[in-house]
Amino acid sequence: MNTKFAKSLAKRIGFWLLIAVLLVYAIFPFYYAVITSLKPSSALFQVDYWLNSVDFSNYITIFSQGSFVQAIVNSIIVAVSVVAIALLLGVTAAYALGRVRFRGRTTVMMVVLGVSMFPQVAVLSGLFEVIRVLNLYNSAGGLILSYTIFTLPFTVWVLTTFMRQLPMELEEAAIMDGASPWVTITKVFLPLMWPAMATTGLLAFIAAWNEFLFALTFTLTSEERTVPVAIALISGGSQHELPWGPIMAASVTVTVPLVILVMIFQRRIVSGLTAGAVKG
Amino acid sequence: MTTSDSLSTPSPAPARRGAQRGTKVRRQRVRAAWLFLVPMLVTLVLVAGWPLVRTFYFSFTDASLANTGGANFIGFENYLVYYQGAWYGLLTDPAWWQSVWNTLFFSAVSVSLETVFGIIVALILNAEFKGRMLVRAAVLIPWAIPTIVSAKMWAWMLNDQFGIINHLLMTMGLIDAPLAWTASADLSMWAVIIVDVWKTIPFVALLVLAALQMLPQDCYEAAEVDGIHPVRVFFRVTLPLITPALLVAVIFRLLDALRVFDVIYVLTSNSTNTMTMSIYARQQLVEFQDVGYGSAASTLLFLIIALVTVIYLYLGRRQLGGDA
């Protein structure tokens, strides 16, 4: 009896230790970035595990640089536009692919899935040319256009999966009333699609917010850069004198909104990711 | 599957009129479907199809970044050419083969580690305990952090002079002198792998967790009644049942790892020790402005990824057509 109790106690302690390790793994790096960002530059090179005092000078440094604020504005413009375009084109395409049976549907689905697997660098030179011909080089428009290559296939795929699950009676009633497909989408499906659209929109927003390769290649001046490029290019006097305090402050600034969004919508995000992957 | 075929007229009155209207509605719907697909397909052609064709074409030309229009066709010279007694071209470039090897090594090691740790994390999160939702939310944090930010965060933690990792290892007495994680030839690849694994365990864990939660409980009850060891139950029951979901997660991760760019670019920039195919191709294209040569590298990367994709599509075909 006693050994049995000891055994179960050991098991419980072991389990909670595992949870503790998991929490340190998940939280510590971000926590460490937060404390680094709140240190004055004089205390930066001393390793501390917690904060002794709070100092906002790193945040003041980055926000007094117009280029970082501009980068945040650029990122918001690009990400919001990309989400809007992907959802608009995605919902209509998902209706066609999810609710209508026609020849070539499987082919279109295959094409969409295939595009989502493209390595970005494989289209880099061709896309560079397209963007230059359209006169969108070094502008938000070029990034918005190029980001549809990874947001659109994903949006179409997840929304199609979702559309297929809606009951057919809904649509039959609309057809009997003589509603056109466009009216059917906007009046019948759209109200039911909000949860799925919120999920895919959020995932598309995160993808656009985080994108680096296109943003690095298709922009030239600091006025047009997005946040990831701005952070990657913060530099000091030399490679060994990187201003770590401001870098961490900038990193925390652009990550906190994302972490809060993900925490709020975590159930949605999990279901969106599994719909995009498992059911695909 | 809902289609107009299953449309049945509720009014029994004139059956012929109903059928006619059915086909008319059906034709209208198919026309509308294509109309709705056109904007999406045009966009995909503009940003994916046409650029890909151009990249293939550039790989057979001497195009430069400043002048992509005036490129001359030079055949396979970017790939391989015999000139004055020696072979030249991408296929003879040791830096290219180094980047191919780096990419394969990075992909194999990081995806394996992510899979193993992802399963472990999923099993922990699948257990019943107080505060499970909070822990699950916390595990999402690495996934939510932008790749550039996580690379910078880790670059700071792995800093050779002031980094907390070296401090920790030295305090514990595991190392005597600070390690140059991101600069040394032996360690930089492992530094990159650590960061990538850290960032993507949550993705694998969540997919596996979703699969775990759909498993039938009766197998486990039966196993418990028979007194089978949990480890044995995992390998004999759980693992085979979650294999389809796991396979999808692994292939998604593999495709991402094969085209990896940002985490390595930020952590170790253009160092040849960690240079992947994507970084090599971009360096040729943008920094050396050699669009022809860089496109040849991009084309080879595309072919490798296309091969993996074809395998995936073949595996996923049943699911795709299944509910149609």
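Colleague: Into which domains is chain B divided?

Modeller: Chain B has domain 1 (4–46) and domain 2 (96–289), with bounds that come from an automatic or database domain assignment. This is a predicted model, in which local features need pLDDT of at least 70, side-chain atom pairs count only at pLDDT 80 or more, and totals for chains, interfaces and linings use all residues. Residues are numbered from 1 along each chain as its sequence is written, while chains are lettered from A and ligands numbered from 1 in the order in which they are written.

Colleague: What separates the centres of the two domains of chain B?

Modeller: Taken over C-alpha atoms, the centres of domain 1 and domain 2 of chain B are 47 Å apart.

Colleague: How is chain A divided?

Modeller: Chain A has domain 1 (2–55) and domain 2 (65–277), and 34 Å separate their centres, again over C-alpha atoms.

Colleague: How many residues does each chain give to the contact between chain A and chain B?

Modeller: Chain A gives 79 residues and chain B gives 82 residues. On the side of chain A, helix 1 (residues 2–37) contributes the most, 11 residues; helices are DSSP runs of H or I, at least four residues, numbered from the N terminus.

Colleague: Why is helix 5 (residues 147–157) of chain B called largely enclosed?

Modeller: A residue is buried if 20 or more other C-beta atoms lie within 10 Å of its own, exposed if 12 or fewer, and partly exposed in between, with C-beta atoms placed from the backbone. In helix 5 of chain B, 11 of the 11 residues are buried, so the rest of the structure largely encloses this helix. Among them are B:Lys152, B:Trp154 and B:Trp156.

Colleague: Why is helix 11 (residues 277–287) of chain B described in that way too?

Modeller: There, 8 of the 11 residues are buried, so helix 11 of chain B is also largely enclosed by the rest of the structure. The buried residues include B:Tyr280 and B:Arg282.

Colleague: What follows helix 11 of chain B?

Modeller: B:Gln289 follows, with a positive phi near 60°. Most residues other than glycine have a negative phi. B:Gln289 lies in the loop between helix 11 and helix 12 (291–322) of chain B.

Colleague: Why is A:Asn138 counted as partly exposed?

Modeller: A:Asn138 has 17 C-beta neighbours inside 10 Å, and therefore counts as partly exposed.

Technical notes: Contact = placed C-beta atoms within 7 Å. Helix = DSSP H or I, 4+ residues; strand = E, 2+ residues; numbered from the N terminus.
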